[in-house]
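User: I'm new to this one and would like a close look at a single part. Could you pick a spot, start there, and walk me through what connects to it?

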Amino acid sequence: MTETKTLLAALKGEAQAVPPVWMMRQAGRYLPEYRETRARAGSFLELCYAPELAAEVTLQPIRRYGFDAAILFADILLVPQALGADLWFVTGEGPRLSTIESAADMARLRPAAEVHETLAPVYETLRILKGALPAETTLIGFAGAPWTVATYMIAGRGTPDQAPARRLMYGQPEVFDALIDRITEATAEYLIAQVDAGAEVVKLFDSWAGALPGPMFRRYCIEPALRILARLHEAHPGVPVIGFPRGAGGNYATYARETGVEGLALDTSVDPAWAARELSPLACLQGNLDPLLMVLGGDPLERGTRTLLEAFAGKPYIFNLGHGITPDADPAHVEQMLKVIRG
Ligand code: CP3
């Protein structure tokens, strides 16, 4: 059977004449319709747990722009919440969680197999989307990778350098390893259930992979990913995975080779010419337009878009940004980018 979804075809290693395109955080605050729906839900977290409204915001960028993929509207921090952490968002600042600093804190977390009750609304969002998306649009599920999720659970918030997580890793390795194990198991459970509910691809966001000390990269980025993929593929053989070890630098190649992910999401710092040469033989590449260009528009946006199209021409490739689109981006610049890509 020939693949009618261009994103799935690209992940199978088939270069597309016009690359499939979607954007990280494509359902988000730069869109007035998103802000309206979030207000209707009450808050960001209430929106995540309201399946009809979460499906609605997932569909908004598909209706407006016709992206080739829809990414489930949810957040990587729902897994800590499902494990029993307190979670809230401070407007204008970001997430806050109860912290993990000791074996006693670990002991208060739920077993990994018990995350489904909290996460059930997310599975319902996927079931709604499965019935509502255009036939050519791929449905992407996702989760945070264990290291990245652990950084938030340990510090109780985002930090610039993940020092609290690194401190626990060196100082109380048994507590840190138990936390990584718990998140790894919960994430496998979560992603299997997402595919059960209709996700066709899953993306693993290791947004802070670049903050792992080099000697720890294999143990805390690659190994947990391998364990998650093994369980996922046992339940769902052949479901494609996009890995995003953001900031991994030269370790991008190690990650691609050792995890065997079908898709490799490049962050903004990766040189496309190097990636086309060194990484393209290992996976379908995705990325990596500077999100700032979605704020600027004009010639810089056009040049940035063309640079990527030229670098990855003739290779399996998914057009995307190098990180999430920001709230100050202009929705008209998304159309400008699409015009350059699709002609
Ligand atoms: O990409 C999408 O459109 C799908 C939905 C999605 C969100 N978060 C919605 C969101 C996805 C895939 C995520 C992943 C996520 N969440 C990551 C990994 C990707 C990355 O950005 O590196 C991380 C680290 C988080 C944790 C998180 N969520 C933070 C640190 C914040 C606050 C920072 C911010 O941008 O406000 C969030 C909030 C969040 N997640 C928003 C959205 C749309 C904004 C909340 C709002 O509407 O007020």
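Analyst: Let's start with a charged pair. Arginine 64 makes a salt bridge with glutamate 33, and their closest N and O atoms are 2.8 Å apart. Keep in mind that this is a predicted model. Side chains of opposite charge can pair up when their charged atoms come close. Here the arginine belongs to helix 4 (residues 51-65) and the glutamate to helix 2 (residues 32-41), so the bridge ties together parts that are 31 residues apart in sequence. The structure has 17 salt bridges, if you'd like to go looking for others.

Which residues come closest to the ligand? They are Arg25, Tyr34, Arg38, Ser207 and His323, out of 21 that surround it. Tyrosine 34 puts a polar side-chain atom 2.4 Å from a ligand oxygen. Arginine 38 also uses its side chain: an N or O atom there is 2.4 Å from an oxygen of the ligand. With arginine 25, it's a backbone N or O atom that lies 2.7 Å from a ligand oxygen. On its own the ligand has 860 Å² of accessible area, and the protein covers 87% of that. The space the ligand takes up is the largest pocket.

You'll find arginine 25 in the loop between helix 1 (6-11) and helix 2. Its phi is near 60°, a positive value in a residue that isn't glycine. Most residues other than glycine have a negative phi, and most peptide bonds are trans.

Glycine 287 and asparagine 288 are joined by a cis peptide bond, with omega about -25°. To find the spot, look in strand 8 (residues 284-289), where asparagine 288 sits.

Conventions:
Residues are numbered from 1 along each chain as its sequence is written. This is a predicted model: local features need pLDDT of at least 70, side-chain atom pairs count only at pLDDT 80 or more; totals for chains, interfaces and linings use all residues. Side-chain values use heavy atoms; hydrogens and water are left out. A residue is near a molecule or strand if one of its heavy atoms lies within 4 Å of it. A polar contact is a pair of N or O atoms within 3.5 Å; within protein, one must be able to donate a hydrogen and the other to accept it, and residues adjacent in sequence count only if both atoms are side-chain atoms. Accessible areas come from the Shrake-Rupley method with a 1.4 Å probe; for residues, only the protein chains shown count as cover. On a 1 Å grid over the protein atoms alone, a cavity is a set of points where a 1.4 Å probe fits but cannot get out, and a pocket is an open set with protein on both sides within 12 Å along at least five of seven lines; lining residues have an atom within 4 Å of a point. A molecule sits in a cavity or pocket if more than half of its atoms lie within 2 Å of its grid points. A salt bridge is a side-chain nitrogen of Lys or Arg within 4 Å of a carboxyl oxygen of Asp or Glu. Helices (H or I, at least four residues) and strands (E, at least two) are DSSP runs, numbered from the N terminus.
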